[in-house]
Each structure stands twice: as C-alpha cells, then as structure tokens.
Amino acid sequence: GYETCIVPATGTVDVDVEGEAFAALGGRGADVWDGEPQGVYVPTGARAVMVCMSESAEIFVAGAKYDKVLSPFDVREHDLVQYGSDDTKTHRKIKHILGQKQHDKVGRLLVSELYTVGAGGWSGFPSHKHDTERLPQETRHDECYNFRFKPDYGSGLQMLQRVDNEPGDAYHIVNGSTVLIDKGYHPCCALPGYEMYYFTIL
C-alpha cells in the first residue's frame, strides 16, 4: 500500500480520513506564496474524502510505498519547521510538512515546500544526492519535484549529474514542470527576475 499526504497548493478543503475530520485545510489564495502550507497524513489503506470549501482549490497528493498502518494527523502552520533564510541566493527556504518533527508518525514519506531566496538564485546547492544509504551523510530516496514560478511565465533549470566528475543533463523547467530524480546530484536555479517554488516528495 501507500501512505499519503494531502497538501492544498491553493484554496481550502475539508478532509475526512475514515471518519476523522480535518476542517479548513489550506487557505492560500492565488498561489503558493499566499500563505503557509498545511497537510493531512493519510495512513496506508485509509479512505480519504476531500470537499472543496473555497471557490476552487488545487491539491498536491504525495505518496510512498509503506505497509504498516499508522494514524492520521494534520500539520498546521504552527507545526511547520522552516530551515534557511533570506540571506543568500545560493540557499533556499525549506518548509517541512512531513519531516524530522513527524518522524515517529510516518513511515517513509517526506514532504516539503522549498522557495528560492528572492528573484533568481540557486537551490540544492552545494550539490547533494540521495541515491545511497550511508547514514548520517546520505539517505536513499527517490524524489519528485513540482515547480512554480512568480511571475508564472518565469522559468529555470534543473541539473542532474548522475556520474561523479562527468557532465550531466540540464532541463528547462517552467511553471508546473514535474521532475523525477532517482539518482545523482540535482541543483536547480531560477533565472534572474523570477521567484521559484517547488513541492517535494521523497
């Protein structure tokens, strides 16, 4: 089975997980910059029902294979853990929805929202990877990113270096681009003048 996490990108939804209600999840307006993320963890095998309470809503649903059945819970603004600051364009702000703070409540799933610092700049730098299990330096995870730009006609680059010390690939990313990463170093950048966000699933 799959454990999952429901995260409104925009709008507000009521979520019911096997009879347990989580009301007014989300609350962001026009885009992902308009408020803080919120989420609901849905255990493996559980039935979840979402009801849109705003005029419209866009919802991220993240999942990871996991067989053990845990308990549902919500993550609100006061539960978030944020790393990073507005100090450097080679850094990012990370807002963990399912992260270290929830490690004893979830199986394998990690969910975050990442923001580049200001207009233009790098994220995932210095370069790092998640394709080898060698604690505490690195853990093995597949990754999925969904990108957003502000203004929405902005764009950037996703780099992927699969082999050490050899040239890799660069992908042009635009608003709504989704990238899957199974191995390698993976820094990305927003072109000058654009803010960049990406929803991450590990």
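Biologist: Four strands form an open sheet with antiparallel pairing; in what order do they stand?

Modeller: This is a predicted model, so local features need pLDDT of at least 70 and side-chain atom pairs need pLDDT 80 or more, while totals for chains, interfaces and linings use all residues. Residues are numbered from 1 along each chain as its sequence is written, and side-chain values use heavy atoms, without hydrogens or water. Strands here are DSSP runs of E, at least two residues long, numbered from the N terminus, and two of them pair if DSSP finds at least two bridges between them. The order of this antiparallel open sheet is β10-β15-β12-β13.

Biologist: Which strands are the edge strands there?

Modeller: Edge strands pair on one side only. Here they are β10 (121-123) and β13 (169-174).

Biologist: What does the twist average from one strand to the next?

Modeller: Axes are lines fitted to C-alpha atoms, with angles from 0 to 180 degrees between N-to-C directions. From one strand to the next, the twist averages 25°.

Biologist: Which residue stands opposite Gly156 in β15?

Modeller: β12 (155-160) and β15 (188-190) run antiparallel, joined by three bridges. Opposite Gly156 stands Ala190.

Biologist: How many residues of β8 are buried?

Modeller: Buried means under 20% relative accessible area, exposed over 50%, and partly exposed in between, with a 1.4 Å probe and protein chains only. β8 is largely enclosed by the rest of the structure, because the buried residues number six of the seven.

Biologist: Which residue of β9 stands opposite Ile94?

Modeller: On one side, three bridges join β8 (92-98) to β7, where Tyr83 faces Ile94 and Val81 has His96 as its bridge partner. β8 also pairs with β9 in the antiparallel sense over six bridges. There, opposite Ile94, stands Leu114.

Biologist: Is Gln102 buried or exposed?

Modeller: Gln102 is in the loop between β8 and β9 (111-116). Setting aside neighbours within four places in sequence, Gln102 is in contact (heavy atoms within 4.5 Å) with Phe73, Val75, Asp79 and Ile97. With a relative accessible area of 5%, Gln102 is buried.

Biologist: What is omega for the peptide bond between Lys150 and Pro151?

Modeller: Most residues other than glycine have a negative phi, and most peptide bonds are trans. Pro151 lies in the loop between β11 (143-150) and β12. The bond that joins Lys150 and Pro151 is cis, with omega about -5°.

Biologist: What is phi of Asn165?

Modeller: Asn165 is in the loop between β12 and β13. Its relative accessible area is 78%, so Asn165 counts as exposed. Phi is positive here in a residue other than glycine, near 65°.

Biologist: What is phi of Glu18?

Modeller: Glu18 is in the loop between β1 (2-17) and β2 (20-28). At 54% relative accessibility, Glu18 is exposed. Glu18 is not a glycine, yet its phi is positive, at about 50°.
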